[in-house]
Amino acid sequence: MSGENGRIALHWQILLGLIGGAFAGLLARATCTSQESSDIVLWIATNIGDSIGQVFLRLIFMVVVPLVFSALTLGVAGIGDVRKLGRLGARTALMTVILSSASVVIGLTLANVVRPGDRLGAEQRQKLKDEFGSKSQTAVDQAKKAKSIRDSLLDLIPKNPLEEAVGAISGTSPGGGMLAVMVFSLMVGIAITIAPERTGPLVGVLEGIYDVAMVIIGMAMRVAPYGVAGLVFSLTTKLGFEILETLLWYVGTVLVGLGLHMFGVYSVVAFVFAKLNPIQFFGRISEIILTAFATSSSSATLPTALRVTESNLGVKREVSSFVLTVGSTANQNGTALYEGLTVLFLAQVFGVELTRSQQFSVVMMSVLAGIGTAGVPGGSLPLVVLVLQSVGVPGEAIGIILGVDRILDMCRTSLNVTGDVLVAACVDRMERRAEAHSAA
């Protein structure tokens with residue numbers, strides 16, 4: 001439970017913040033026996049609890065655009081070795097897109113079938129909308145003005161990427177919003193791989209921007225325990241136990257989705273493409289899964305993944321080195337599933353019904369966001385905000401799920417890393433078959 005220097009580890013601090021804030025909010029709600037006491041508690045929740053939470057949220061918001069642009073561009077530039085490595089890179093990219101798309105489809109399907117956000121009563125939902133004021137009304141208005149699939153596809157290509165980036169945060173985007181910025185980032189990444197000898201300085205600048213953004217996110221995560229406590233205190237004071245019950249439905253739905261993808265999709269892919277017994281596959285990489293769960297970091301798990309994949313699965317070093325290194329940032333199946341399901345959950349909480357074209361947009365953004373997600377704890381939070389805002393849900397709504405994000409982060413990181421190893425095993429099998437065919 002202890003972290004460095006004997007201090008309580010950050011994720012336990014966040015959990016304690018969640019429990020403490022929820023308990024204090026429910027206690028304050030239960031002991032308010034007069035209008036005067038209710039007004040005092042409401043003032044504390046609004047001016048102290050919300051304010052502390054907003055400090056954390058704004059630290060996240062202010063690095064959203066630079067983080068997405070730099071991370072996604074660098075991620076694609078890293079995969080850009082696809083052009084140089086031919087079959088190896090192409091197969092890695094293909095398996096990554098297939099697994100990420102499958103994960104998002106599972107998440108969206110569960111969100112539409114279980115509908116965990118509908119567990120919140122009409123009265124509590126209205127209070128939540130009032131809490132977010134005009135932003136929640138803007139969300140509903142934007143949902144009603146859904147574009148056709150044709151227009152949505154055309155808007156993927158931005159006329160002015162800077163205008164789209166600004167509009168994505170403010171909700172005034174004239175076109176595809178952040179999804180258009182992501183497509184622009186993809187194009188820049190591809191261009192870097194085509195002319196690497198002339199784009200070295202640009203890559204250095206992007207790496208610097210990315211590192212600075214990650215430092216700021218690290219600072220934000222240090223404030224997270226207090227921010228979570230303040231946000232949960234405010235929510236439970238105003239909405240009572242029902243918001244916690246709704247969160248439990250959300251957590252359960254996410255865990256079911258992650259489990260289906262891990263033991264369903266991965267098992268089938270391991271058997272069909274890698275020719276591995278699924279039970280043996282999971283048994284051989286159990287050390288990797290446990291390391292990913294404990295650290296919540298794909299990057300921190302990479303050394304263990306490289307060693308175990310080579311020794312226990314027999315994957316060639318040149319394959320594992322490429323696939324696992326790229327996958328630690330570009331193959332985020334669990335994150336893609338989590339983001340898609342989370343967006344639909346929060347849309348349901350706010351009473352925003354997303355059309356098919358909007359859900360298609362969520363799928364695309366979640367897959368692309370997986371490429372740009374940092375392989376560190378909390379690295380997906382800024383990208384969840386972007387996907388939320390792209391479909392008209394207030395970005396501040398992420399505060400509802402912050403308290404339970406850590407346990408979900410541990411689980412989805414395990415899925416992410418397992419997916420990396422599985423892709424490496426599949427690509428290695430394909431490479432061996434190709435080599436045998438060439439030799440014959």
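**Entry 1. Aromatic residues**

Which residues form one aromatic cluster? I found that Phe263, Phe281 and Phe282 form it. For the pairing of rings I used this rule: rings of Phe, Tyr and Trp (its six-membered ring) pair if their centres lie within 6.5 Å, and planes under 30 degrees apart count as stacked, over 60 as edge-to-face and the rest as tilted.

I note at the outset that this is a predicted model, in which local features need pLDDT of at least 70, side-chain atom pairs count only at pLDDT 80 or more, and totals for chains, interfaces and linings use all residues. Residues are numbered from 1 along each chain as its sequence is written, and side-chain values use heavy atoms, with hydrogens and water left out.

I counted 4 aromatic pairs in the structure. The rings of Phe69 and Phe184 have centres 5.9 Å apart and planes at 15°, so this pair is stacked. The pair links distant parts of the chain, with Phe69 in helix H3 (residues 64-79) and Phe184 in helix H10 (residues 178-194), 115 residues apart. Here helices (H or I, at least four residues) and strands (E, at least two) are DSSP runs, numbered from the N terminus. Phe69 is partly exposed at a relative accessible area of 23%, and Phe184 is partly exposed at 31%. I took buried to mean under 20% relative accessible area, exposed over 50%, and partly exposed in between (1.4 Å probe, protein chains only).

I then looked up Phe281 and Phe282, whose ring centres are 5.3 Å apart and whose planes stand at 65°, so the pair is edge-to-face. Phe281 is buried, and so is Phe282.

I also recorded a charge over a ring: Arg412 lies over the face of Tyr338, at 3.7 Å from the ring centre. The rule requires NZ of Lys or CZ of Arg within 6 Å of the ring centre and within 35 degrees of the ring normal.

**Entry 2. The whole protein**

I recorded 20 helices and 0 strands. Of the 440 residues, 55% count as buried. The protein exposes about 18800 Å², and carbon and sulfur atoms supply 65% of this area. Accessible areas come from the Shrake-Rupley method with a 1.4 Å probe; for residues, only the protein chains shown count as cover. Among contacts (heavy atoms within 4.5 Å) between residues at least 6 apart in sequence, 83% join residues at least 24 apart.

**Entry 3. Salt bridges**

How many salt bridges does the structure hold? I counted 5, each being a side-chain nitrogen of Lys or Arg within 4 Å of a carboxyl oxygen of Asp or Glu.

Glu431 forms a salt bridge with Arg91, the closest N and O atoms being 2.9 Å apart. Glu431 lies in helix H20 (residues 405-439) and Arg91 in helix H5, so the pair ties together parts that are 340 residues apart in sequence. Glu431 counts as buried at 9% relative accessibility, whereas Arg91 is partly exposed at 23%.

Arg115 and Glu353 meet in a salt bridge of 2.7 Å, N to O. Arg115 lies in the loop between H5 and helix H6 (122-132), and Glu353 in the loop between helix H17 (333-349) and helix H18 (356-371), so parts 238 residues apart in sequence are tied together.

Glu287 and Arg307 also meet through their side chains, at 2.5 Å, N to O. Glu287 is partly exposed at 36% relative accessibility, and Arg307 is partly exposed at 45%.

Is Thr92 buried or exposed? I found Thr92 buried, with a relative accessible area of 5%. Thr92 is in helix H5 (residues 87-114). Not counting residues up to four places away in sequence, Thr92 touches Phe322, Val323, Val423 and Val427. The C-alpha atoms of Thr92 and Val423 are separated by 6.7 Å, although the two residues are 331 apart along the chain.

I placed Lys316 in the loop between helix H15 (298-313) and helix H16 (317-330). Lys316 counts as buried at 17% relative accessibility. Leaving aside neighbours within four places in sequence, Lys316 is in contact with Asp428, Glu431, Arg432 and Glu435.

**Entry 4. A nonpolar patch**

I found a nonpolar surface patch of about 600 Å², made by Ile40, Trp43, Ile44, Ile48, Ile52 and Tyr226. Patches are made of residues with over 30% relative accessible area and no salt bridge; like charges are joined within 9 Å, and nonpolar side chains (Val, Leu, Ile, Met, Phe, Trp, Tyr) within 5 Å. Helix H2 (residues 35-61) gives the most to the patch, with 5 residues. Ile44 is found in helix H2 and is partly exposed, at 32% relative accessible area.
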